[in-house]
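Welcome! Please take a moment to look over the sequence and the model, and then read on.

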Amino acid sequence: KEKKLAIVIGAGRGLGLKFAEEFVARGQSVIATTKNEISRAPQSEPGLSRLHLDLLTENWPHQLTTFLNSFAPGDYSEIHWINNAGVIEPIGEWSTI
């Protein structure tokens with residue numbers, strides 16, 4: 001069976017969480033990043049690795065690279081990258097936009 005890896009940035013809640021859960025349910029290895037250490041992401045599932053990653057900090061690229069280096073990319077036939085990080089503040093009433 002081919003090994004697949006999914007990297008889900010912003011998996012603490014909402015759509016990112018659902019992506020991570022679906023990949024795990026399909027038997028894929030998942031790296032789920034969350035901005036907050038307390039999130040709705042599963043705490044312990046086979047094949048799931050969690051990483052607290054705040055994209056508003058200057059060192060997040062180094063932190064993510066260091067974490068990813070602990071995985072052997074050659075071991076996976078496919079790697080999926082889902083970037084789901086971000087929040088949009090309310091813009092206003094539709095009638096005023």
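## About the model

This is a predicted model, in which local features need pLDDT of at least 70, side-chain atom pairs count only at pLDDT 80 or more, and totals for chains, interfaces and linings use all residues. Residues are numbered from 1 along each chain as its sequence is written, and side-chain values use heavy atoms, with hydrogens and water left out.

Let us begin with helix α1, which has twelve residues, 14–25. (Helices, H or I with at least four residues, and strands, E with at least two, are DSSP runs numbered from the N terminus.) From first C-alpha to last, α1 reaches 17 Å, close to the 16 Å expected at 1.5 Å a residue; that expected span is 1.5 Å times one less than the number of residues.

Gly-16, Leu-17, Ala-20, Phe-23 and Val-24 of α1 are buried. Here, buried means under 20% relative accessible area, exposed over 50%, and partly exposed in between (1.4 Å probe, protein chains only). These residues sit on the same side of α1 because they cover an arc of only 130 degrees around the axis, an arc taken from the directions from the helix axis to the C-beta atoms. They pack against β1 (4–9), β2, β3 (48–52) and β4 (78–83). The face turned away from them carries exposed Leu-15, Lys-18 and Ala-25.

## The nonpolar cores

A nonpolar core is a set of buried Ala, Val, Leu, Ile, Met, Phe, Trp, Tyr and Cys residues joined through side-chain atoms within 4.5 Å. The largest one has ten residues, among them Ala-6, Val-8, Phe-23, Val-30 and Ile-82. β1, α1 and β2 each supply at least two of its residues, and the largest share, three residues, comes from α1. A second, separate core of nine residues includes Ile-9, Ile-31, Leu-51 and Tyr-76.

## Two residues that meet Gly-10

Thr-33 lies in strand β2 (residues 29–34) and, at 1% relative accessibility, counts as buried. Its side chain reaches the backbone nitrogen of Gly-10 at 3.1 Å. Such a polar contact is a pair of N or O atoms within 3.5 Å; within protein, one must be able to donate a hydrogen and the other to accept it, and residues adjacent in sequence count only if both atoms are side-chain atoms.

Asn-84, found in the segment after β4, is partly exposed, with a relative accessible area of 24%. A polar atom of the Asn-84 side chain lies 3.1 Å from the backbone oxygen of Gly-10.

Conventions:
Contact means heavy atoms within 4.5 Å.
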